[in-house]
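Let's take a walk through this structure together, one piece at a time. Have the viewer open and follow along as we go.

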There are 2 protein chains.
Amino acid sequence: MEDQFLLPNGANRDAIRQMGYAFVDLIVDQVLAKQAGEFSQKFTSLPLTIPQTGRHWQDILQTIENKILPNTINLHHRGYMGHMDSVPLAITVWADALIAAINNNMLSYELSPVFTELEASLLSWLGQRFGLSPNCFGTLTAGGSLANITAFLLARNHHDQTIIHRGNTQLLYAFVSEAAHISFEKAMNVIGLGKDQLIKIPTNPKGEILIDRLQAAIKRVKQNKGIPFMIVAVAGTTITGAIDPIGDLAQIAQDNNCWFHVDCAYGGAVIFSERWKHLLKDTDRADSITFNPQKWLGVARTCAMLLVKDRQVLEAGFDQHLPYMSFHDLNFGNLTLQGTRRTDILKLWLALQALGLSGIADYIDRSMAFTAEFCQMIDRSVYARIAVEPTLNIVCLESKDPKITNKQLQEKLQKNNQYWLSLPQWQGREILKAVILHPYPKLTDIL
Amino acid sequence: MEDQFLLPNGANRDAIRQMGYAFVDLIVDQVLAKQAGEFSQKFTSLPLTIPQTGRHWQDILQTIENKILPNTINLHHRGYMGHMDSVPLAITVWADALIAAINNNMLSYELSPVFTELEASLLSWLGQRFGLSPNCFGTLTAGGSLANITAFLLARNHHDQTIIHRGNTQLLYAFVSEAAHISFEKAMNVIGLGKDQLIKIPTNPKGEILIDRLQAAIKRVKQNKGIPFMIVAVAGTTITGAIDPIGDLAQIAQDNNCWFHVDCAYGGAVIFSERWKHLLKDTDRADSITFNPQKWLGVARTCAMLLVKDRQVLEAGFDQHLPYMSFHDLNFGNLTLQGTRRTDILKLWLALQALGLSGIADYIDRSMAFTAEFCQMIDRSVYARIAVEPTLNIVCLESKDPKITNKQLQEKLQKNNQYWLSLPQWQGREILKAVILHPYPKLTDIL
């Protein structure tokens, strides 16, 4: 195994560098450059054997090129619009190797001094852009589901601080729209309150929560001696990209003494655009916010976060200590579900440095402009029409031809290597979804 | 922002490649090669300003070199022995960039076809090495804490399947040793059972759980109408690296109808060594196992996992579905706390390919041999002596000189750039801890 690490005498330093260059070439030529490649190829058998003796990296790279890459899903294809997957900003790709090499650990200050400082500062800066006070705080999480689950945990323990130590015995209810992400259901299971106590409120056809239905549901729960503890607003729903009326929900949460969480994992990115930030109002009233730069900011995953009003909120929700670390005022391992954690904050910092504020705004504005263009293309299409008027850069479509189902249309477009659209269940039927996230999306009239 | 992604005409392809090479050079020369550098330098002010317009990557790399890297903790230093941090295998560093570039998502099969297959196969192979049946299954998690929390969730829902939907109202008790990881406490908070219901059993001076104390505690809980649902064995405790008597605990778990979890996040690596695998017996009796290749297998973090007897265990614990994905039999997002997840399985696969089975065994054996050498050095030392006889490659020390505290000794060694040891709380006092994980650890007689 000697040659797998840098030798103290540096004898293999150039070999390790050459391996790095070879990975760079593979990434540039066989991954990033596949904008006009296939979505994915026929599944070949996988290289599952673990060898007795190690293989040379050149040999391994051959296997990656021949057996792994063809079986990935190619998000770099300009017609890939299936889900909220972005082509990663190039600098964040290289950053992931740097993060791995430094290998610091967000568990504690002593294991990641600069990144702990950076995460605290950068997330406070971001929180303020969402309208939170200068005392606001946050933590990166390995994906948005963890951020949402953490928000539920904080809300539960805020409702009754004794639950941390004594466990829960009350019937506590949370309210989200039917269009909200499945992680809220998962959260109610995880934190021990039960999925049945997640009340899913119907939406209008666009996917926005119906306020009167929410109010009726809260009333019903209270009449049955249930306790509402949490209300969620979604900004950028998974299927239609809809945005709930955040201010109205904030008021209802306040009136009912509920924690107010805004899940703008997807839609949060619009705050960087002068032109589009009006879509996301009233986030300043949130107790917690989920936001994922791994989606619409183009940071290679994972890069997601939970923002809160102040650090004490996280401290109170976890009440954790690290007996095997030197005391420090700020050990992130005490403030999140995760202990060991990569320093993904470096990726976010790099993305912000490389794009600059105007670059981010440009990125959002272009994406919205492409969406308008895409909609015009659909308006001219003989095959498809718009099924749900888009709010952001997510467009839901359906087949125009009664003899062709949405599924058939999806399969045809995919098979012809034209568009890769997803086929979610929406209000009782399958529709086609296009997420216009690619920096250079295909906008030709073939649909 | 145009130049931040590969242009469709490929005009910036070489620029992106050059940026990649520059990151490789920075990583090799300024990170990996710092084996004889400083542990960390004086903290300089951080580059927190987010610029209006994007900065060129060369300029950004300068900032990283001058302001970020000096403020990291340098795990590549041959005297760094503070925590369970490994120098990452070189190939796993480059792999992290490849993972970022491919940017597939373990959420669902359609977003990561090859990696879903790879994770299912590779983790079943690993589970079998721990003695589980060929039906065994597993999932990677972003760190060991998440794996442990997931194990608790599965155990709770296995005890009473109605909790998923109706929430918990029972007094359920889990049993771990006092030396077990803090994530178990976190888990009891997260899953809503309450930290008070985590019973911490005393250990012997090495850190191994006292079986008779456990049996007495279970009896006491039952007498008070509490319900034991979970027993944990630790193999490789955080502070002394001790291994609980796994077989005895398995039997007690069985006798009391409890879920049996083995946390060998650290110690699990010994299964790859013919010479040392005897230390880890009876893991075949586990209901779930936490194992972290990011620790003693040298995979760049994060790479951790939860192994279970079969897939149905995970399905039953979550009972989740993905309405916005095409149906597939295996969508990992339904089987873990995380939704979106990086394809870290590629790193593990690469590590196994590059090392081979004999390379891994060699890595473990060398580490144990270095530990013996380190202990001999301490035996000759005038400053320190061994405080806890090591089981694995973790050695706890204390100052020999009554006029020098352990903390003073730690600070001196660190300040002189000799050894970076940690100073955990162990059985009521601060001791020094050395984790001999570095592939080329410093073993000179200066201690």
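Start in chain B, where 7 strands make up an open sheet with mixed pairing, in the order 1-7-6-5-4-2-3. Strand 1 (137-141) and strand 3 (198-201) of chain B are its edge strands, each pairing on one side only. Going from one strand to the next, the twist averages 20°. Bear in mind as you look around that this is a predicted model.

Strand 2 (residues 172-177) of chain B runs parallel to strand 3 of chain B, and 4 bridges join the two. If you'd like a landmark there, B:F175 stands opposite B:I199 in strand 3 of chain B.

At the other end of the order, take a look at strand 7 (residues 304-308) of chain B. How many of its residues are buried? The count is 5 of the 5, so strand 7 of chain B is largely enclosed by the rest of the structure. As a rule, side chains in a regular strand alternate between the two faces of the sheet. Here, B:A304, B:L306 and B:V308 point one way from strand 7 of chain B, while B:M305 and B:L307 point the other way, and all are buried.

Strand 7 of chain B has partners to go with that. Strand 1 of chain B runs antiparallel to strand 7 of chain B and is joined to it by 5 bridges. Strand 6 (residues 288-291) of chain B also pairs with strand 7 of chain B in the antiparallel sense, over 4 bridges. Click on B:M305 and you'll find it is the bridge partner of B:L140, and also the bridge partner of B:F291.

Most peptide bonds are trans, and most residues other than glycine have a negative phi. The bond joining B:R301 and B:T302, however, is a cis peptide bond, with omega about 5°. B:T302 sits in the loop between helix 10 (293-296) and strand 7 of chain B. Chain A has a cis peptide bond from A:R301 to A:T302, with omega near 5°, and A:T302 lies in the loop between helix 10 (293-296) and strand 7 (304-308) of chain A.

Phi of B:D282 is near 70°, a positive value in a residue other than glycine. Is B:D282 buried or partly exposed? Its relative accessibility is 34%, so B:D282 counts as partly exposed. Over in chain A, A:K225 also has a positive phi, near 70°. A:K225 is in the loop between helix 8 (211-223) and strand 4 (227-234) of chain A, and it is exposed, with a relative accessible area of 74%.

Back in chain B, helix 9 (residues 246-255) has a set of buried residues: B:I246, B:G247, B:L249, B:A250, B:I252 and B:A253. What do they pack against? The answer is helix 8 (211-223), strand 4 (227-234) and strand 5 (259-263) of chain B. After helix 9 of chain B comes B:N257, with a positive phi near 60°.

Next, a helix pair. Two packed helices are described by the angle between their axes and the distance between the axes. For helix 3 (residues 90-102) and helix 12 (residues 345-380) of chain B, the angle is about 145° and the axes are 9 Å apart. Their crossing is right-handed. Among the residues making the contact are B:I91, B:L98 and B:I102 of helix 3 of chain B and B:L346, B:L350 and B:A354 of helix 12 of chain B. The contact residues divide into 9 nonpolar, 1 polar and 2 charged.

Chain B also has an open sheet of 3 strands, antiparallel, in the order 8-9-12. Its edge strands are strand 8 (384-388) and strand 12 (432-435) of chain B. Neighbouring strands of this sheet are turned by 40° against each other on average, direction ignored. Strand 9 (residues 394-399) of chain B is joined to strand 12 of chain B by 4 bridges, and B:C396 has B:K433 as its bridge partner. Helix 13 (residues 406-415) of chain B packs on this sheet, touching strand 8, strand 9 and strand 12 of chain B.

Finally, zoom out to both chains. A rotation of 180° with 0.0 Å of shift along its axis superposes chain B on chain A, with an RMSD of 0.0 Å. The two copies are thus related as by a two-fold rotation axis. The same surface serves both copies, and 100% of the contact residues of chain B recur in chain A.

Terms used. Residues numbered from 1 in each chain as written. Chains lettered and ligands numbered in written order. Predicted model: local features only at pLDDT ≥ 70, side-chain atom pairs only at ≥ 80, totals over all residues. Heavy atoms only, no water. Least-squares fit on C-alpha atoms with pLDDT ≥ 70 in both. Contact = heavy atoms within 4.5 Å. Axes fitted to C-alpha atoms, helices over the stretch in contact; angles between N-to-C directions. Left-handed = near helix turned anticlockwise from the far one by under 90°. Nonpolar A, V, L, I, M, F, W, Y, C, P; charged D, E, K, R; others polar. Pairing = 2+ DSSP bridges. Buried < 20%, exposed > 50% of the residue type's maximum accessible area, 1.4 Å probe, protein only.
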